[in-house]
Amino acid sequence: MNEITQVTQSTPVPTPAGKAVPTLPDAQTVTQVTHWTDRLFSFRLTRPASLRFRSGEFVMIGLMGDPHPETGKQKPLLRAYSIASPSWDDELEFYSIKVPDGPLTSRLQHIQVGDEIILRPKPVGTLVHDALLPGKRLWLFATGTGFAPYASLLRDPQTYEDYDEIIVTHTCREVGELAYGAQLIEQIRNDEMLAELIGEGFADKLRYYPTTTREDSPKMGRITDLLRSGEAFEDLGVPGIAPDVDRAMICGNLAFNLELKALLEGFGLIEGANSKPQHYVVEKAFLD
Ligand SMILES: Cc1cc2nc3c(=O)[nH]c(=O)nc-3n(C[C@H](O)[C@H](O)[C@H](O)COP(=O)(O)OP(=O)(O)OC[C@H]3O[C@@H](n4cnc5c(N)ncnc54)[C@H](O)[C@@H]3O)c2cc1C
Ligand SMILES: NC(=O)c1ccc[n+]([C@@H]2O[C@H](COP(=O)([O-])OP(=O)(O)OC[C@H]3O[C@@H](n4cnc5c(N)ncnc54)[C@H](OP(=O)(O)O)[C@@H]3O)[C@@H](O)[C@H]2O)c1
């Protein structure tokens with residue numbers, strides 16, 4: 001059931017003159033919703049004028065929770081979400097899972113254009129350029145919705161200014177789960193505005209390495225196994241990963257993050273942070 005079932009709903013939000021008064025604290029308005037599979041969707045929101053963030057950071061977003069059975073009071077139900085749009089974009093984009101019984105996403109998956117979402121304007125996160133020392137090649141490793149922060153970074157001119165080569169790997173169970181990332185990469189390659197901003201040919205720096213683990217695709221297997229065996233390096237024509245050349249970001253499930261951390265440390269890379277830039281950084285795509 002995870003074939004590409006892309007359905008986009010998009011209509012202009014009301015003009016300022018006819019703008020509805022927000023009824024939620026920190027409310028932003030949904031401007032577009034796209035359903036990619038029965039488990040994945042993306043959406044765009046209006047952006048508060050005061051919100052500044054670094055590409056790759058996350059914020060807390062959500063909806064009002066159900067009224068308390070006794071007091072009737074409602075509290076916001078918030079979750080961490082990577083901002084998938086770049087810092088220069090007028091709107092905010094998010095890429096989301098639909099957890100059938102998830103407190104937030106069982107409801108969030110039904111949002112429509114014009115609906116309101118709570119957005120706490122306090123961006124944070126480690127998947128930022130500032131947390132890495134200068135390098136030549138940037139690896140962006142993701143599983144599942146862990147692709148979201150890279151959707152931001154890959155549309156940020158700094159990514160192409162700072163590196164000679166950017167390799168994005170995305171491992172999902174099924175082919176349909178790669179669609180959001182695959183379409184975004186295609187759009188970036190043909191983006192005239194980015195070409196104007198960064199320079200013609202910028203997209204030649206961008207390498208995309210999608211893999212699936214439970215459905216046939218041109219490249220099967222977990223990226224961790226493909227790195228360990230050397231197959232990924234052979235496919236990409238790179239000699240390996242080394243601290244004097246390579247920088248990396250990791251965003252996926254906990255087991256993936258831990259496995260990849262160990263692999264990178266084995267190659268001699270050191271974990272960095274905002275306060276101490278190093279060779280690689282890591283962030284969970286979800287708690288577990
Ligand atoms: C730093 C950070 C950034 C995040 N960014 C994103 C993002 O950009 N997009 C996004 O969809 N989620 C993201 N998450 C996860 C998000 O915060 C919520 O967990 C998710 O929206 C589900 O919320 P829920 O209330 O429906 O279920 P929850 O009660 O939060 O989760 C229920 C269960 O669903 C599973 N689950 C939760 N999130 C995911 C996921 N993304 N992929 C696969 N399984 C999941 C886990 O097993 C979890 O125990 C992020 C989490 C963290 C910590
Ligand atoms: N994706 C679905 O179709 C689906 C459907 C129903 C329910 N769910 C549930 O939703 C939750 C999240 O599923 P998800 O598919 O989004 O995320 P996930 O389980 O984190 O898997 C995403 C991808 O990461 C790979 N992976 C997992 N651990 C890894 C590791 N240590 N090293 C390298 N790669 C690793 C998986 O490979 P493997 O396939 O080899 O594990 C898969 O390709 C799970 O609890 C799952 O049971 C998922």
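Colleague: Which residues of helix α4 are buried?

Modeller: In this predicted model, the buried residues of α4, which spans residues 179–189, are Ala179, Tyr180, Gly181, Leu184 and Ile185. To be called buried, a residue needs 20 or more other C-beta atoms within 10 Å of its own.

Colleague: What covers the buried residues of α4?

Modeller: The cover includes the strands β3 (40–46), β6, β9 and β10 (206–212), and also helix α2 (148–153).

Colleague: Why is arginine 107 called partly exposed?

Modeller: Arginine 107 has 15 other C-beta atoms within 10 Å. Arginine 107 lies in helix α1. Its C-alpha atom is separated by 23 Å from that of lysine 122, 15 residues apart along the chain.

Colleague: How do you know that ligand 1 lies between domain 1 and domain 2?

Modeller: Domain 1 (7–124) and domain 2 (129–282) both give residues to the shell around ligand 1, so the ligand lies between them. There are 23 residues around ligand 1, and Arg79, Gly102, Leu104, Thr105 and Phe286 come nearest.

Colleague: Which elements supply the shell around ligand 1?

Modeller: At least two residues each come from β5 (76–82), β6 (91–97), α1 (105–108) and β12 (280–284). Strand β5 gives the most, with four residues. By class, the shell around ligand 1 holds 12 nonpolar, seven polar and four charged residues.

Colleague: What makes up the shell around ligand 2?

Modeller: Ligand 2 is surrounded by 16 residues, the closest being Thr143, Gly144, Thr213, Asn253 and Ala255. Two or more residues come from each of β9 (165–172) and α8 (254–266). The largest share, three residues, belongs to α8. Three residues of the shell around ligand 2 are nonpolar, seven are polar and six are charged.

Colleague: What shows that domain 1 and domain 2 touch?

Modeller: In domain 1, 16 residues are in contact with 14 residues of domain 2. Contact here requires C-beta atoms within 7 Å. On the side of domain 1 that touches domain 2, β3 and β6 each supply at least two residues, and β6 gives the most, with three. That side has seven nonpolar, eight polar and one charged residues. The centres of the two domains, taken over C-alpha atoms, are separated by 26 Å.

Colleague: Which residues does methionine 249 touch?

Modeller: Leaving aside residues up to four places away in sequence, methionine 249 touches Leu127, Leu140, Phe141, Tyr280 and Val281.

Colleague: What is the mean pLDDT of the chain, and where is the pLDDT below 50?

Modeller: The mean pLDDT is 93, and 92% of the residues reach 70 or more. Over residues 11–18 the pLDDT is below 50, and this stretch has seven contacts in the model beyond near neighbours in sequence. Where pLDDT is low, the predicted coordinates should not be read in detail.

Methods
Residues numbered from 1 in each chain as written. Chains lettered and ligands numbered in written order. Predicted model: local features only at pLDDT ≥ 70, side-chain atom pairs only at ≥ 80, totals over all residues. Near = placed C-beta within 6 Å. Nonpolar A, V, L, I, M, F, W, Y, C, P; charged D, E, K, R; others polar. Domains from an automatic or database assignment. Buried ≥ 20, exposed ≤ 12 C-beta atoms within 10 Å, placed from the backbone. Contact = placed C-beta atoms within 7 Å. pLDDT = per-residue confidence, 0-100.
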